[in-house]
Each structure stands twice: as structure tokens, then as C-alpha cells.
Amino acid sequence: MQLTFLGTTSADGNCPTLYATDRGTLVVQGYRITDPGAVAQLQDLLPGETAVEIPRELLAFAPGGAGRG
């Protein structure tokens with residue numbers, strides 16, 4: 001899989017960050033959700049999957065996202 005950097009809301013280059021893949025999907029780098037109560041609310045979380053928390057502003061870097069042509 002090849003990743004293409006789309007953008008970040010972090011001033012120092014650390015997460016959260018958004019990438020596009022050469023498979024037509026997106027990869028989100030964020031803060032793993034570890035709170036048991038929050039994890040319990042996730043629907044259909046499969047083995048090998050995780051959930052990450054990102055600021056809404058990061059979505060502006062998604063293709064067709066707010067602030068993007």
C-alpha cells in the first residue's frame with residue numbers, strides 16, 4: 001500500500017494526520033480510543049480493527065472535504 005500525505009492539524013507534524021492510499025481509501029492517524037465505555041459503544045469492531053479520535057478540522061483535507069475544491 002502506498003500512502004500520500006493529505007494534511008495534518010498538528011503544528012509539529014505529529015498526529016492527527018490524514019493520508020490517501022493507492023487503493024482508493026483513506027488512512028487516519030489519530031489517538032487510539034482506549035476508554036472501555038467508549039470502545040463498548042463502537043459497532044461491529046472486528047479483531048484487528050481499532051478506532052482513533054481526530055479533530056473535525058482534519059476532515060478538511062479529505063477529498064471533497066470542507067475547505068477543499
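The secondary structure of this predicted model consists of 1 helix and 5 strands, where helices (H or I, at least four residues) and strands (E, at least two) are DSSP runs numbered from the N terminus. Reading from that end, the order of the elements is β-β-β-β-α-β. Residues are numbered from 1 along each chain as its sequence is written.

Along the principal axes, the C-alpha atoms fill a box of roughly 35 × 25 × 20 Å. Of the 69 residues in the protein, 20% are buried; buried means under 20% relative accessible area, exposed means over 50%, and partly exposed lies in between (1.4 Å probe, protein chains only). Contacts are counted when heavy atoms lie within 4.5 Å. Among contacts between residues at least 6 apart in sequence, 30% join residues at least 24 apart. The charged side chains comprise 4 positive and 7 negative ones, with the centres of the two sets 6 Å apart. Here Lys and Arg count as positive and Asp and Glu as negative, without His and the chain ends, and each charge is placed at NZ of Lys, CZ of Arg, CG of Asp or CD of Glu.

How many residues of β2 are buried? The count is 5 of the 5, so β2 is largely enclosed by the rest of the structure. Thr17, Tyr19 and Thr21 point one way from the strand, whereas Leu18 and Ala20 point the other way. Tyr19 itself has a relative accessible area of 19% and is buried.

The partners of β2 come next. Two strands pair if DSSP finds at least two bridges between them. β1 and β2 run antiparallel and are joined by 5 bridges, with Phe5 standing opposite Tyr19. β2 also pairs with strand β3 (residues 26-29), again in the antiparallel sense, over 4 bridges; Gln29 in β3 is the bridge partner of Thr17. These two strands, β2 and β3, form a hairpin with 4 residues between them, and Gly24 in the turn has a positive phi of about 80°.

A search of the whole structure finds 1 aromatic pair. The ring centres of Phe5 and Tyr19 are 6.3 Å apart and the planes meet at 75°, so the pair is edge-to-face. Rings of Phe, Tyr and Trp (its six-membered ring) pair if their centres lie within 6.5 Å, with planes under 30 degrees apart called stacked, over 60 edge-to-face and the rest tilted. Phe5 belongs to strand β1 (residues 3-8) and Tyr19 to strand β2 (residues 17-21), so the pair ties together parts 14 residues apart in sequence.

Asp44, in the loop between α1 (36-41) and β5, has a positive phi of about 60° although it is not a glycine. Most residues other than glycine have a negative phi. Asp44 is exposed, at 68% relative accessibility. Pro63 lies in the segment after β5 (52-53) and is also exposed, at 63%. Leaving aside neighbours within four places in sequence, Pro63 is in contact with Leu6 and Leu26.

Terms used: Predicted model: local features only at pLDDT ≥ 70, side-chain atom pairs only at ≥ 80, totals over all residues. Heavy atoms only, no water.
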